Amino acid sequence: MFNNFDSIADRVTSSSQKHYNLSYTTTFKKWLQSLAKKDQRLYKIVVKRLRAVEDGNFGRIKSVGDKVSEIRIFEGPGVRLYFTRVGNQVIFFLAGGVKDSQPADIEKAKKLAAQIHTKETEKL
C-alpha cells in the first residue's frame, strides 16, 4: 500500500483541509524511502504523522535551536523528524532519524535549515 514515496507525498498533500504545505529535502526523502524498505509499520506511522502536521496537528514538538524543531514518535527505535517553518504556510522537513543518531541528525537539520532560510532571505 505504501511502497512508493511519490504516491505517499501525493496522499500527504491531497487533503482539502490542509493548513500547511509540506516540502521535503532530498535528505528527508532518502531517509523516508530507506525507512519504507526497512520497516513498513514504522513507515506508515511516520506518514500518518506527516498528514497530521499538514492538517495543523503537530503534536508534541521541541525546538532544537537555529529555527529547527523536532517531532518525536515513540515507536520502535524512537523516530525523530526535523523541520523548519518558512512563513506561516510552508513546513520543510529536513531530516529524519532515530534516538541513537539524534546529535548528528540535529546538526544535519540545522545546516539544511540555514540553507533554506538563506535562500528565502535572498528572495526578499
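Which residues have the most contacts inside the largest nonpolar core? I began my notes on this predicted model with that point, and I found V46, L50, L81 and F93 in a core of 22 residues.

**Entry 1, the cores.** Helix 3 gives the most, with six residues. I then followed V46 and, leaving aside its neighbours within four places in sequence, listed its contacts as W31, L32, L35, I73, V79 and L81. I also recorded a second, separate core of 12 residues, which includes V68, F92, L94 and A113.

I traced an open sheet of five strands in the order 1-5-4-3-2, with mixed pairing. Strand 1 and strand 2 (61-65) are the edge strands, each pairing on one side only. Neighbouring strands of this sheet are turned against each other by 35° on average, direction ignored.

Going through the pairs, I found that strand 1 (residues 21-24) runs parallel to strand 5 and is joined to it by four bridges, with Y24 standing opposite F93; F93 is also one of the residues with the most contacts inside the largest core. Strand 4 (residues 79-86) runs antiparallel to strand 5 over eight bridges, and here L81 has G96 as its bridge partner. These two strands form a hairpin with three residues between them, and in its turn G87 has a positive phi of about 70°. At the other end of the strand order, strand 2 and strand 3 (residues 68-73) pair in the antiparallel sense over four bridges, and K62 stands opposite E70.

I asked myself why strand 5 counts as largely enclosed by the rest of the structure. Seven of the nine residues of strand 5 (residues 90-98) are buried, so I wrote the strand down as largely enclosed.

I turned to G78, which is found in the loop between strand 3 and strand 4. Is G78 buried or exposed? Its relative accessibility is 9%, so I count G78 as buried. Not counting residues up to four places away in sequence, G78 touches I73, G97, V98 and K99, and the C-alpha atoms of G78 and G97 are separated by 8.3 Å.

How many salt bridges does a search of the whole structure find? I recorded three. In one of them the side chains of E75 and R41 meet at 3.1 Å, N to O; E75 lies in the loop between strand 3 and strand 4 and R41 in helix 3, so this pair ties together parts that are 34 residues apart in sequence. Another joins D66 with K110, with the closest N and O atoms 4.0 Å apart, and I noted that D66 is exposed, with a relative accessible area of 57%, whereas K110 is buried, at 18%. I also recorded R80 with E70, at 3.8 Å, N to O, and both of these residues are buried.

Notes. Residues are numbered from 1 along each chain as its sequence is written. This is a predicted model: local features need pLDDT of at least 70, side-chain atom pairs count only at pLDDT 80 or more; totals for chains, interfaces and linings use all residues. Side-chain values use heavy atoms; hydrogens and water are left out. Buried means under 20% relative accessible area, exposed over 50%, partly exposed in between (1.4 Å probe, protein chains only). Two strands pair if DSSP finds at least two bridges between them. Axes are lines fitted to C-alpha atoms, for helices over the stretch in contact, and angles run from 0 to 180 degrees between N-to-C directions. Contact means heavy atoms within 4.5 Å. A nonpolar core is a set of buried Ala, Val, Leu, Ile, Met, Phe, Trp, Tyr and Cys residues joined through side-chain atoms within 4.5 Å.
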